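Subject: Structure handover

Dear colleague,

Please find below the structure that I promised to pass on. My notes on it follow directly after.

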Amino acid sequence: MAIRELKVCLLGDTGVGKSSIVCRFVQDIFDLNALPTIGASFMTKTVSCGNELHKFLIWDTAGQERFHSLAPMYYRGSAAAVIVYDITNEESFYTLKKWVKELKEHGPENIVVAIAGNKCDLSDMREVPVKDALEYAKTINGIFVETSAKNAINVAELFDGISQQIPPLDPSERY
Ligand code: GDP
């Protein structure tokens, strides 16, 4: 079975739960102490998709998102970007829109964009209506799910959605 390495970058405000989402996806736990993220780093997880294996190389900005000039390094060569906001923090949703704009202008062509509205376990503190995020995701042709890294809601589905959007390799390109 063909294995494809797919770089995925995580973008979004500090504190929205990017590292927690990776930790949940890769190790299925909610414990940031388990993550060795100091500075830019990546973790891998392989999932099957049809006749292929997708090995995700997930790059986490690890708190360096304020250093905007570093951003191109994260998304360069990415097959997909997961842009995370916190459903209890409206400002993080505006930041997400800025990231989408940046990716559309400077990111790789055909990059798959997936939007994760994280911390959906805290819905009583919600500031961003599902409807607004869903409508926005449609306008940019992006994947959208609300996730909870804490309660393991929709995290695997988020990456499954990305896998589905990656066009299969031409048989002649397989190895
Ligand atoms: P990052 O800066 O975007 O990487 O965010 P972190 O993964 O470091 O998470 C920031 C804070 O939000 C931490 O205190 C996490 O425990 C918390 N957090 C992350 N995901 C969730 C979630 O799904 N639900 C709740 N309630 N808290 C979360």
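**Notes on the model**

Asp 124 sits in the loop between strand S5 (112–118) and helix H4 (130–139), where helices (H or I, at least four residues) and strands (E, at least two) are DSSP runs, numbered from the N terminus. The model is a predicted one, in which local features need pLDDT of at least 70 and side-chain atom pairs count only at pLDDT 80 or more, while totals for chains, interfaces and linings use all residues. Residues are numbered from 1 along each chain as its sequence is written.

Asp 124 is exposed, because 6 other C-beta atoms lie within 10 Å; the term exposed stands for 12 or fewer such atoms, buried for 20 or more, and partly exposed for the range in between, with C-beta atoms placed from the backbone. H4 itself is hardly covered, with one buried residue among its 10, and after H4 comes Asn 141, whose phi is positive, near 60°.

Helix H3 (residues 90–106) has 17 residues and spans 25 Å from its first C-alpha to its last, close to the 24 Å expected at 1.5 Å a residue, the expected span being 1.5 Å times one less than the number of residues. Buried in H3 are Ser 92, Phe 93, Thr 95, Leu 96, Trp 99, Val 100 and Leu 103. They lie on the same side of H3, because they cover an arc of only 155° around the axis, taken from the directions from the helix axis to the C-beta atoms. The face turned away from that buried side carries the exposed residues Glu 91, Tyr 94, Lys 101, Lys 104, Glu 105 and His 106.

As for the strands, S1 pairs with strand S3 (residues 52–60) in the parallel sense over nine bridges, where pairing requires that DSSP finds at least two bridges between two strands. Arg 4 has His 54 in S3 as its bridge partner. S1 also pairs with S4 in the parallel sense, over four bridges, and the bridge partner of Val 8 in S4 is Ala 80.

Finally, the ligand is surrounded by 16 residues, of which the closest are Gly 17, Lys 18, Ser 19, Ser 20 and Lys 150; a residue counts here if its C-beta atom, placed from the backbone, lies within 6 Å of the molecule. Helix H1 (residues 18–27) gives the most to this shell, with three residues.

Best regards
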